[in-house]
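Hi,

Here is the structure I said I'd pass on.

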Amino acid sequence: MTTTQTQAAVRGPKAEVPQKPVRRRREGAAWVFLSPWVLGACVLTLLPMAVSLYLSFTDYDLFNAPNWVGLRNYTQMFTEDPRYWRSVGATLTYVVIAVPLQLALALVVALALKGMKRGRAFYRSAFYAPSLLGASMSIALVWRAIFNDGGTVDNLFGTGGWVNKPGWALFAVALLTVWQFGAPMVIFLAGLQQIPGELYEAAEVDGASRWRQFLSITVPMLSPVIFFNLVLQTIQAFQVFTPAFAVSAGKGGPADSTLFYTLYLYDRGFVASHMGYASAMAWVLLIAIGAVTAVLFRTSRSWVFYASEGDR
Amino acid sequence: MPGSRTRTSFRPRAAATALALCVVLAGCSGGDASSSAGGKVVLRYTWWGNPDRAARTQEAVDLFEKKNPGIEVQTSFSGYDAYKQKLATQAAGGDAPDVMQLDYRMIDQYASGGVLMDFAEQPAALDTGEFDAGLLATGKVDGKQYAIPQARGTETVVYDTEQWKASGVELPRQGWTWSDWADAMRALAEKTGKPGATDPGQSEDAFEIWLRGQGKALYTKDRKLGFTADDLARWWTFTDKLRREGVVSSAEQTSQIDGTVENTPLGRGYVIADTNWDAPSSGFLALIPDGVTLAPMPSGEDGTPGQYFKPSMFMGVSADATHPKESVRLIDFMLNDAEAAKILGATRGIPVNETLRDAIAPELKDFDKTVYDFQASVDGKLEPPPQAPPSGDSALQTTFQRDYDQVSYERMSPREAAENYITEANAELRP
């Protein structure tokens, strides 16, 4: 520190063209302050990704040096592994059930909160709380206990243990996700407050019903926010791991009914030690999520309405 | 005053640079911090097991620390399924514990993957003179001693003593066959109104014993599958039929099995009998207050015994252990120290040290004595154990359970599931 200071002191008066070095120095400072992030991104994200891409073409098994096997992992996945397709099926079912339900619930609660005069801050926090808690392992374990046989739900309604019934286990996991509607709800709430009040006033003067107002004003005006939430929650749902892992006792059971893609990936990598195969699965998931997002963006042109378009 | 401005603006940058450097340097030097605290040698020792084993192991470790003031042992334990995954991850990351408990299934994989130390590197620290040579050899891979067997164990039909006796059904006897077993379970279900046993269809161990009872084996000498889809389909048809009759546990119960006694149907009080290894069955005592009895596993229809004495657990030392000598000394203490043997009893099975085995036999009490007597009752009547299972077996054990889930939840026929398993197993065992 002292050396830098003296250097600065020496260099200071010598500075002839002040502008260029100052800009360079500013850039330097930017890099220094960015360095923790850049370092983290390189060492913790980019490097592992590159290694994983390489490993996906090998038979790496954690213990022995990887051998190049070309596309074998990929062909095995698509043609020889029935359990892989079961995991794809379970994941898609989950995404299709959980995401719309969660968004619908978030929107309903946001609408209710918007009309609220008193206590909104309290309820907003109260409804947001599960999102903070829900991602944790402990809540997922509690969830399993609640929906297990002899658990709360079984005792109250005599449903038996949902988590042990192949037809119901996935629903129990989806319910845990839906319960965490807080994040999209807060975003919806912010979006709702952006909609100009005069639109509703004008509609009321024209005699539009509440439902009509919702369909013709709220939904189109909110569509960019709905789209944003849809993309974000879909991406998240594809990668769901913790709740499914805990609720299914780490096995994606019963009978593979909650064997989500990430769970099967974990199983191949960390239980069966086929890291090469697991890496290949991870890359296919990345590409699949990219494709689904691209499709969502493509369809958004026909239903997402941006206020700026209206001006044109 | 441009000069002074420059000077002040440099200060925070220099500070930030220094800070960033400190962080980077600190990050690099963290490696050895855990291996010696306060001048002590610190060892990490991990195992799987039930709380009873944990308490006794901790007691023995405390005694070791008392006798070796320079060594501190950090212990941790979990259920088998969780342990298996954690250890594999640690080992792959080059962070295997110094001393680890290993299963017969793990040795081949861990030794050939360079995770384990050859005990020949520390010949003085461990005395194997009192071990049965044949048993000791089960810890060898390619002629090198990578693991030391801690005990031997065998499978058992463990049952709730009171409930079985109260039902009036004839008790299991030596040499009973699988059809005798099925009849007994059927009678128990009739008399008590709940399933007789845990569905053994999900257990690769039980299947192996059934298979051996017919003179076959799980794996051939050259590490391929030793049975066909027909064999497996017959086994699963047998258990599936019993499940449909309500004679063995329902799919909802069976699928909760996760390697702990607490989550077995017997541990949860839904059935009267279970199949398990003998020593871990001590965990049932905490759950079934009236006590449990150990009976031999059923034999093949012609009387061929399927069960065998398996080296139940091994101890191994990490190839990267910072203190290999102390690590081996801990193993020596656990296996050869008379006091430790007394504390540990039969929590991992009957000790391998033959002098200690004879010495503690009269002093064994409670469940330890039960295990000892049970082993004595079948000793000499069993066939020799198969060779150590190939690397893929550890994963196949889980696959076996999952494929049977498809049968018990009636999503596949036994034949379909069996053919699935054969395909998966062949892929897993592909060299």
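UniProt, in an unreviewed entry, lists residues 29-57, 92-113, 125-147, 167-192, 213-232 and 275-297 of chain A under "transmembrane region". Its positions are given in the numbering used here, with feature names shortened, and such annotations may be inferred rather than shown by experiment.

Before going on: this is a predicted model, so local features need pLDDT of at least 70 and side-chain atom pairs count only at pLDDT 80 or more, while totals for chains, interfaces and linings use all residues. Residues are numbered from 1 along each chain as its sequence is written, and chains are lettered from A and ligands numbered from 1 in the order in which they are written.

Back to chain A. It has 15 helices and zero strands; helices (H or I, at least four residues) and strands (E, at least two) are DSSP runs, numbered from the N terminus.

Now for chain B. What does E252(B) touch, leaving aside its neighbours within four places in sequence? The answer is in chain A: D149(A), G161(A), N164(A) and K165(A), where a contact means C-beta atoms, placed from the backbone, within 7 Å. E252(B) sits in helix 10 (residues 251-254) of chain B and counts as buried because 20 other C-beta atoms lie within 10 Å.

Helix 11 of chain B (residues 324-336) reaches 18 Å from first C-alpha to last, close to the expected 18 Å, which is 1.5 Å times one less than its number of residues. Of its 13 residues, 11 are buried, among them R329(B) and D332(B).

Strand 7 of chain B (residues 148-153) is largely enclosed by the rest of the structure, because six of its six residues are buried. Strand 7 pairs antiparallel with strand 11 (residues 310-317) over five bridges; pairing needs at least two bridges found by DSSP. Here G153(B) stands opposite K310(B). Strand 7 also runs antiparallel to strand 12 (residues 350-351), joined by two bridges, with R152(B) partnering I350(B).

Cheers

Notes. A residue is buried if 20 or more other C-beta atoms lie within 10 Å of its own, exposed if 12 or fewer, and partly exposed in between; C-beta atoms are placed from the backbone. Two residues are in contact if their C-beta atoms, placed from the backbone, lie within 7 Å.
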